Amino acid sequence: MQELNQSAVTEFILLGFASNPRTNPLLFTFFLVFYLLILVSNSLLITLIHEDTRLHTPMYFFISVLSLLDMCYTTTTVPQMLVHILSKKRAISFARCVAQMYIFLLFGITEYCLFSIMSVDRYVAICHPLRYKVIMNHCLCLLMVGICAAYGVVGGLSYTSFAMCLPYCGPNDIDHYFCEVPAVLKLACADTSLNDLVNIITSFNVIVVPLSLIVIVYVNIFFTIMKIRSAQGRIKAFSTCASHITVVSMFAIPCSITYMSPGSDSSSNSGKKMALFYNIATAFLNPVIYSLRNKDVKNAFLKLMGRGMTPE
């Protein structure tokens, strides 16, 4: 029996989606259009927030950071996937795989943490409206984003370092379209029970803790809204939270299923579908949800196009 260690695997093969000469061009076009729409829509939203002074509020500052993270998040994986769809060679070096895994987790965890910060912003806006601008000042907003980034750095290192310290002896075929921790762990030629435990503990800290904060915040928001006497006031308050709850749900559910399950229990096919959802679909829907439901963003867009509504 030939003994090999981690150094024997110098590259991985990303199997991606089923290779078919007839469907590959359609698949390429589909994902390319989605990727371009993600870049254009998020860039436009950032531009609108930057250019329109009416959008210079903490809520829109966090939305602009979210849009930036979405573009970085998808750019980590989608361009490579597009190349591999049309290419016969789908190899990725060991070093590039590690880098992609870490960068993907860095942006993903930072974004997830940002969702909890955005819920706190909604809490202050609804529960303490008179003190909102004082409490959510620019320095505090920057500090919160910095904490989210630090959370992403530490969380990404935890996942990546434990995954890549294992020996990989071959086969080197990753049944995924990018180097994601659960998919890569399946190729390790060692017991991964410790890694599964570490991943669950890390996932608890980077997924369950922020999600718990979001739930607690929205429970408090709900009780505050129910105290509002005006039905119209309650509807307006609920509508400001609906967008955020929708986005968090779309991101949190598939992430939790993927990273809170032991590697051996997760199906490769379902893993790829889940990844498509929180890696591409949410990045596409975020600007749509935050803009179509928002009169201020619509007015900013009309103003940018030269057909802005006159100030009241």
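This is a predicted model: local features need pLDDT of at least 70, side-chain atom pairs count only at pLDDT 80 or more; totals for chains, interfaces and linings use all residues.
View 1. Phe62, in contrast, is buried, and its relative accessible area is 0%. A pair of aromatic rings is described by the distance of the centres and the angle of the planes. For the rings of Phe61 and Phe62 the centres are 5.6 Å apart and the planes stand at 55°, so the pair is tilted. Both names fall in a stretch, residues 60–82, that UniProt lists as a "transmembrane region" in an unreviewed entry. Over residues 60–82 the chain is 91% helix and 0% strand, and 32 Å separate the end C-alpha atoms.

**View 2. Phe17 and Tyr177, a stacked pair of rings.** The structure holds 18 aromatic pairs, and this view shows the one formed by Phe17 and Tyr177. Their ring centres lie 5.7 Å apart and their planes meet at 20°, so the pair is stacked; the angle falls under the 30 degrees that this word requires. Which parts of the chain does this pair tie together? Phe17 belongs to the loop between strand 1 (11–14) and helix 1 (24–51), while Tyr177 belongs to the loop between strand 3 (173–174) and helix 7 (181–185), so the pair ties together parts that are 160 residues apart in sequence. Tyr177 has a relative accessibility of 2% and therefore counts as buried.

**View 3. Asp175 and Lys272, a salt bridge between a loop and a helix.** A search of the whole structure finds 3 salt bridges, and in this one the side chains of Asp175 and Lys272 meet at 3.0 Å, taken from N to O. Asp175 lies in the loop between strand 3 and helix 7, and Lys272 lies in helix 10 (residues 268–292), so this pair ties together parts that are 97 residues apart in sequence. The two partners can also be described by their accessibility: Asp175 is partly exposed, with a relative accessible area of 30%, whereas Lys272, at 8% relative accessibility, counts as buried.

View 4. The side chains of Asp52 and Arg54 meet in a salt bridge with an N to O distance of 3.0 Å.

View 5. Val215, Val219, Phe222, Phe223, Met226 and Phe238 make a nonpolar surface patch of about 550 Å². Helix 8 (residues 193–226) gives the most to this patch, with 5 residues. Met226 is a residue of helix 8, and with a relative accessible area of 44% Met226 is partly exposed. Ser212 is also found in helix 8, and Ser212 is partly exposed too, with a relative accessible area of 35%. Although Ser212 and Ser116 are 96 residues apart along the chain, their C-alpha atoms are separated by 8.8 Å.

**View 6. Tyr259 in helix 9.** Tyr259 has its place in helix 9 (residues 231–259), and at 8% relative accessibility Tyr259 counts as buried. Between the C-alpha atoms of Tyr259 and Ile216, which are 43 residues apart along the chain, the separation is 22 Å.

**View 7. The buried side of helix 11.** Where on helix 11 do the buried residues Val297, Asn299 and Ala300 lie? These three residues are buried within helix 11, which runs over residues 295–304. They cover an arc of only 160° around the axis, which puts them on the same side of helix 11. Helix 11 is followed by Gly306, whose phi is positive, near 90°.

View 8. The unreviewed UniProt entry includes residues 26–48 among the stretches given as "transmembrane region". This span is 100% helix and 0% strand, and its end C-alpha atoms lie 33 Å apart.

Note on methods
Residues are numbered from 1 along each chain as its sequence is written. Side-chain values use heavy atoms; hydrogens and water are left out. Buried means under 20% relative accessible area, exposed over 50%, partly exposed in between (1.4 Å probe, protein chains only). Helices (H or I, at least four residues) and strands (E, at least two) are DSSP runs, numbered from the N terminus. The arc is that of the directions from the helix axis to the C-beta atoms. Rings of Phe, Tyr and Trp (its six-membered ring) pair if their centres lie within 6.5 Å; planes under 30 degrees apart count as stacked, over 60 as edge-to-face and the rest as tilted. UniProt positions are given in the numbering used here, feature names are shortened, and annotations may be inferred rather than shown by experiment. Patches are made of residues with over 30% relative accessible area and no salt bridge: like charges are joined within 9 Å, nonpolar side chains (Val, Leu, Ile, Met, Phe, Trp, Tyr) within 5 Å. Accessible areas come from the Shrake-Rupley method with a 1.4 Å probe; for residues, only the protein chains shown count as cover. A salt bridge is a side-chain nitrogen of Lys or Arg within 4 Å of a carboxyl oxygen of Asp or Glu.
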